[in-house]
Amino acid sequence: MRMSHARMYERLLAGDADYNGRFFTGVLTTGIYCLPSCKARKPKSENVRFFPSCEAARNAGLRACKKCHPDDYARGADPVLETIETVVNEVRADPAAFADARAVVRRSGFGVTRAFELFRQHYHSTPADLLLRARIDAAKRQLLGTNASAADIAFAAGFESLSAFHENFLRLNGLTPSAYRDLATGHTFSISLPKDYPLPFLRRALSRDVHSLTEKLEGDTYTSAVHLNSEPTLLRLHLSAASIVAEVLGAWAARPQTSLNAGGPPALPQVHALVIGLLGLDQDAAAFARLAHKLGLARLVAGRPGLRLSQVSTVFDGLLWSIIGQQINFPFACLLRRRLVERAGTPLADGLYAPPFPAAVAALEPADLRALQFSRQKADYVIATARLVVEGKLDLTALRTMSATRAERTLLAIHGLGPWSVNYLMMRALGFADCVPLGDTGVTSGLQTLLKLDPRPDVDATRRLMAVFSPYRSLATAHLWQFNQPSPT
Ligand SMILES: [Zn+2]
């Protein structure tokens, strides 16, 4: 609890849920302690005392609030969240057991309106969309793991018609079910792009650091050093307006697929997942563009209604970006990351390096990074976080399937990760749709221009203004980042 009384009181007035667990609010006049986000009437500053834990509040003679249940929160218990998580796990394990979205809502035990609110809050999604994606994922496993026909697989996953299966499969994966099945044996594949896909913006994203050591874009050829089955590998994409052709270079490509598969999942489906993330192809750009029009803010998406948010290739790399990028300008962040990559990454062909593995960063000492111009704090945070991963205290793979709420809480509990870093990571590496990196200058200056505001909005104003874009605030952020920039050619 390193914050000042004034700062905590300000967060209490704002009802800021990001600060839940970071301190507890005791109200001396009522004898009750609360979470900062409690909806109960706000006490006067002089009647408030802040506590680092529930226990400290109880020791001071206070009782837990019956509205916000601070003890449950501190224990990690959240019965409503747990109910929704259980339902989602059931849907993912056996989507065919749910006839439709109504069945998902019924299973939750909540009314329709409340269930929609909870799915939006905790998964940034709707019951229907979660069910659809679970069906597609189940079908993908069957396509790779069995010889069953596409029709049998579609019906077993719960699709009612083969055309709905094909249409959704193609939209979310950029290829047909049979082309997906071919990934098990091939070395290359082609992703077809939707008509409105704004390739110039992808090119901008892929060359955002022109001196990058992990990726380079030359003409229409993009080469990226990635990890496949924990092995550093070069991935090459050939970009064109209609499609992206992907191939794996080097030792991987030369070896037969069967030896690649020894002990791990097939490599090419993994490459496919990575490329879909890079393109942001499974994000609902059309829905966000419709929302922007409905809000009378068509200018936010003008010229790039199909914009997606490109995902970084590993969660750990996203984590490094989210710590390195804190409170410094983008060119300096790129410089620090390049130095870290050179120090701890894996050199491959063409002067490219695969991004560092957690173990390589965990083995560094803060002085090593200080020598690369990292601030003392950044050096400590980067190394301490890598060590958490290596020691198994932070499971990066598990973050991908957690609810957004659980992922956010897990990450906020890590020393050195604040709301900006956590939301940045959640939208750039975990694919959550409704995040805002609060305090981001690109977002605030984008909002300022978009809404003709003076002065530039602060964190609370940003939170308020961004609320209208829910549940697509990650895409809203992507557009705001572009809003003050000239269009790419
Ligand atoms: Zn309360």
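## Overall fold

In this predicted model, residues 24 or more positions apart supply 60% of the contacts in the protein chain that have a separation of 6 or more. The protein chain contains 26 helices and 11 strands. Its radius of gyration is 24 Å, close to the 23 Å that the globule rule gives for 489 residues, so the protein chain is as compact as a globular protein of that length.

Taken along the principal axes, the box filled by the C-alpha atoms of the protein chain is roughly 70 × 60 × 50 Å, and 42% of the 489 residues count as buried.

## Packing of α4 and α6

Helix α4, covering residues 79-93, packs with helix α6, covering residues 112-123, at an angle of about 85 degrees, and their axes are 10 Å apart. Because angles of 65 to 115 degrees count as roughly perpendicular, α4 and α6 are described as roughly perpendicular to each other.

On the α4 side the contact is made by V80, L81, I84 and V88, while α6 contributes L118, F119, H122 and Y123. The residues of this contact between α4 and α6 comprise 7 nonpolar, 1 polar and no charged.

## Helix α14

Helix α14 runs over residues 267-279, and at 1.5 Å a residue its 13 residues should span 18 Å, which agrees with the 19 Å between its end C-alpha atoms.

This helix, α14, is mostly covered, with 10 of its 13 residues buried; these are A267, L268, V271, H272, L274, V275, I276, G277, L278 and L279. Just after α14 comes G280, which adopts a positive phi of about 65 degrees.

Methods
Residues numbered from 1 in each chain as written. Predicted model: local features only at pLDDT ≥ 70, side-chain atom pairs only at ≥ 80, totals over all residues. Helix = DSSP H or I, 4+ residues; strand = E, 2+ residues; numbered from the N terminus. Rg over C-alpha atoms; globule rule 2.2 N^0.38 Å. Buried ≥ 20, exposed ≤ 12 C-beta atoms within 10 Å, placed from the backbone. Contact = placed C-beta atoms within 7 Å. Axes fitted to C-alpha atoms, helices over the stretch in contact; angles between N-to-C directions. Parallel < 35°, antiparallel > 145°, perpendicular 65-115°, else oblique. Nonpolar A, V, L, I, M, F, W, Y, C, P; charged D, E, K, R; others polar. Expected span 1.5 Å × (residues − 1).
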